[in-house]
Amino acid sequence: MTAPFSVAPLLAVSGIEVRIGGRVLVSNVALTVDRGEVVGLVGPNGAGKSTLLRAISGVQPADGSVVIEGRPAADFDRREFARTVAVVQQIPEAPPTMRVGDLVLLGRHPHLGWFEHESVRDHQIARLAMTCAGCLEFSDREFGTLSGGERRRVFIARGLAQEPVLMLLDEPTANLDAGAQTEVCELLRELATDGVGVLVVLHDLSLAAAYCDRVVLLADGQVLDSGPPSEVITAEQVARMYGSGVAVIHHPDHGRPIIVPATRD
């Protein structure tokens, strides 16, 4: 009898534990991300979302297992990892006088050989990445002149220029207005449609419910629940995590949860 064919997750994380100064910030976390899937990390402030993302990306030392495309992440050298995984940090930093177009073009460096200069194709990919991320219009500006929201767009573009199969993003919608938040989330969905796996920390539960295929709810550094947004972002869970000041209703069109302030009689 032939064994059933199975496809390993793009990202498989298990037993992740982070200790800093004797304090456990993340404990025994496991999650997966498949190709073409957007998975949201949600939870209250201090739940360990950003710490977990840094551990997965290799920035934060941690115990446990991180496997990407069936290989331990520790087996990747830095350039190979950067060709495979793009990381967009919560607080983007770059030299203030650096031109935005040049910063995005850095995303092509993992694909270049030693002493190799960017080709016409590399410039085209960087330009397309800026177009997708909505920052082409300020490609000639200096990074230091940008707002916080604009800087996030630039770093998303740099990540796209890497042509990754997996993107890790830490609150990419922070400091963006409602329209820009929607544009960023639509972009993440488009990436998933193209087969990229996306793991994203989101502070806004309504955005997570609207755009994520699955969400992982963290509390006190542990996974409290995971699954489709409609099963995880419930009135009971939200009240437990955020108190009685918010309520859960459902969108009249698609039925996904929306978080709103609780009303009083």
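Tutor: Just after H9, Gly243 has a positive phi of about 85°. Keep in mind that this is a predicted model.

Student: Which residues of H9 are buried?

Tutor: Gln237, Val238 and Met241 are the buried residues of H9. Buried means under 20% relative accessible area.

Student: What makes these buried residues line one face of the helix?

Tutor: Viewed down the axis of H9, the buried residues fall within an arc of 95°, so they line one face. On the other side of H9, Glu236 and Arg240 are exposed, and exposed means over 50% relative accessible area.

Student: What covers the buried residues of H9?

Tutor: The cover includes H7, helix H8 (229-232) and the strands E9 (214-219), E10 (222-227), E11 (246-250) and E12 (257-261).

Student: Where does H9 stand in the lining of the largest cavity?

Tutor: Helix H9 (residues 235-242) gives the most to that lining, with four residues. The lining consists of Leu205, Leu217, Val232, Ile233, Gln237, Val238, Met241 and Tyr242.

Student: What makes this space a cavity, and how much space lies in it?

Tutor: A cavity is a set of points where a 1.4 Å probe fits but cannot get out. About 50 Å³ of space lies in the largest cavity, and the search of the whole structure finds one cavity of 30 Å³ or more.

Student: How do the lining residues of the largest cavity divide by class?

Tutor: Seven are nonpolar, one is polar and none is charged.

Student: Turning to H6, how does its reach compare with the expected span?

Tutor: Helix H6 (residues 178-193) has 16 residues and reaches 23 Å from its first C-alpha to its last, close to the 22 Å expected at 1.5 Å a residue.

Student: Which residues of H6 are buried, and what puts them on the same side?

Tutor: Buried in H6 are Ala180, Gln181, Val184, Cys185, Leu187, Leu188, Leu191 and Ala192. They cover an arc of only 150° around the axis, and therefore lie on the same side of H6. The face turned away from the buried side carries the exposed residues Ala178 and Thr193. Among the elements covering the buried residues of H6 are strand E3 (38-42), helix H4 (120-133) and helix H5 (148-161).

Student: Why does Thr51 count as buried?

Tutor: Thr51 has 10% relative accessibility, and the limit is under 20%, so Thr51 counts as buried. Thr51 lies in helix H1 (residues 49-57). Leaving out residues up to four places away in sequence, Thr51 touches Val18, Leu25, Val26 and Gln60.

How values were computed:
Residues are numbered from 1 along each chain as its sequence is written. This is a predicted model: local features need pLDDT of at least 70, side-chain atom pairs count only at pLDDT 80 or more; totals for chains, interfaces and linings use all residues. Side-chain values use heavy atoms; hydrogens and water are left out. On a 1 Å grid over the protein atoms alone, a cavity is a set of points where a 1.4 Å probe fits but cannot get out, and a pocket is an open set with protein on both sides within 12 Å along at least five of seven lines; lining residues have an atom within 4 Å of a point. Grid points are joined across faces, edges and corners, and a volume is the space filled by probe spheres set on the points. Helices (H or I, at least four residues) and strands (E, at least two) are DSSP runs, numbered from the N terminus. Ala, Val, Leu, Ile, Met, Phe, Trp, Tyr, Cys and Pro count as nonpolar, Asp, Glu, Lys and Arg as charged, and the others, Gly among them, as polar. The expected span of a helix is 1.5 Å times one less than its number of residues. Buried means under 20% relative accessible area, exposed over 50%, partly exposed in between (1.4 Å probe, protein chains only). The arc is that of the directions from the helix axis to the C-beta atoms. Contact means heavy atoms within 4.5 Å.
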